[in-house]
Amino acid sequence: MLKFLSKVKIEFNALDPRIASCMEFLAQCNAPKAKESNPSCQVQVKRRTDDHPPQITVTFVNGVEQSYDATSTPAQNIRTMILEKGQYLETEQMFREAGEKWPVVIPDEELQQPFLGIKPKKAEEKKQ
């Protein structure tokens with residue numbers, strides 16, 4: 001998960017009963033496997049003393065920042081959203097490096113064409 005991120009900021013008030021998602025996400029970020037995937041990713045914890053709701057803000061390697069409401073979003077869901085966005089970024093980078101336009105636009109007429117890699121079954125094969 002951290003391989004797609006340059007920075008993680010986790011904010012919460014330690015007395016807030018809604019911090020479970022922040023604590024779980026922090027534990028995931030501090031796991032050895034996660035740290036090995038991107039040792040240069042900064043993980044910051046900001047302990048608040050006000051009523052600001054628990055929040056997780058991540059900065060992707062392309063500079064895009066995304067904030068998640070940790071009061072209503074489980075840590076696993078946040079992790080899944082980060083992984084999906086990261087895979088999208090990897091695909092985009094792969095196309096750009098290959099000199100292809102992004103996003104890929106498939107013309108309607110190509111979408112309507114039959115897929116030639118699949119052979120239709122003959123009547124005799126269907127009976128067997």
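1. The chain contains 5 helices and 4 strands, where helices (H or I, at least four residues) and strands (E, at least two) are DSSP runs numbered from the N terminus. Along the sequence, these elements follow the pattern β-α-α-β-β-β-α-α-α.

2. The model is predicted: local features need pLDDT of at least 70, side-chain atom pairs count only at pLDDT 80 or more, and totals for chains, interfaces and linings use all residues. Residues are numbered from 1 along each chain as its sequence is written, and side-chain values use heavy atoms, leaving out hydrogens and water.

3. How does the overall form of the chain stand against the globule rule? With a radius of gyration of 22 Å, well over the 14 Å that the rule gives for 128 residues, the chain is more spread out than a compact globule. The radius is taken over C-alpha atoms, and the rule is 2.2 Å times the number of residues to the power 0.38. The C-alpha trace spans about 75 × 40 × 30 Å along its principal axes.

4. Of the 128 residues in the chain, 29% are buried; buried means under 20% relative accessible area, exposed over 50%, and partly exposed in between (1.4 Å probe, protein chains only). Contacts (heavy atoms within 4.5 Å) with a separation of 6 or more come to 68% from residues 24 or more positions apart.

5. The axes of helix H1 (residues 20-30) and H3 come within 8 Å and cross at roughly 50 degrees. Axes are lines fitted to C-alpha atoms, for helices over the stretch in contact, and angles run from 0 to 180 degrees between N-to-C directions. H1 and H3 are therefore oblique to each other, given that angles under 35 degrees count as roughly parallel, over 145 as roughly antiparallel, 65 to 115 as roughly perpendicular and the rest as oblique.

6. On the H1 side, Ser21, Glu24, Phe25 and Gln28 meet Ala75, Gln76, Ile78, Arg79 and Ile82 of H3. The residues of this contact comprise 4 nonpolar, 3 polar and 2 charged. Here Ala, Val, Leu, Ile, Met, Phe, Trp, Tyr, Cys and Pro count as nonpolar, Asp, Glu, Lys and Arg as charged, and the others, Gly among them, as polar.

7. Proline 103 lies in the loop between helix H3 (75-97) and helix H4 (108-111). Most peptide bonds are trans.

8. Proline 39 occupies the loop between helix H2 (32-37) and strand S2 (42-48). Proline 39 is exposed, at a relative accessible area of 69%. Its C-alpha atom is separated by 9.6 Å from that of serine 6, 33 residues apart along the chain.
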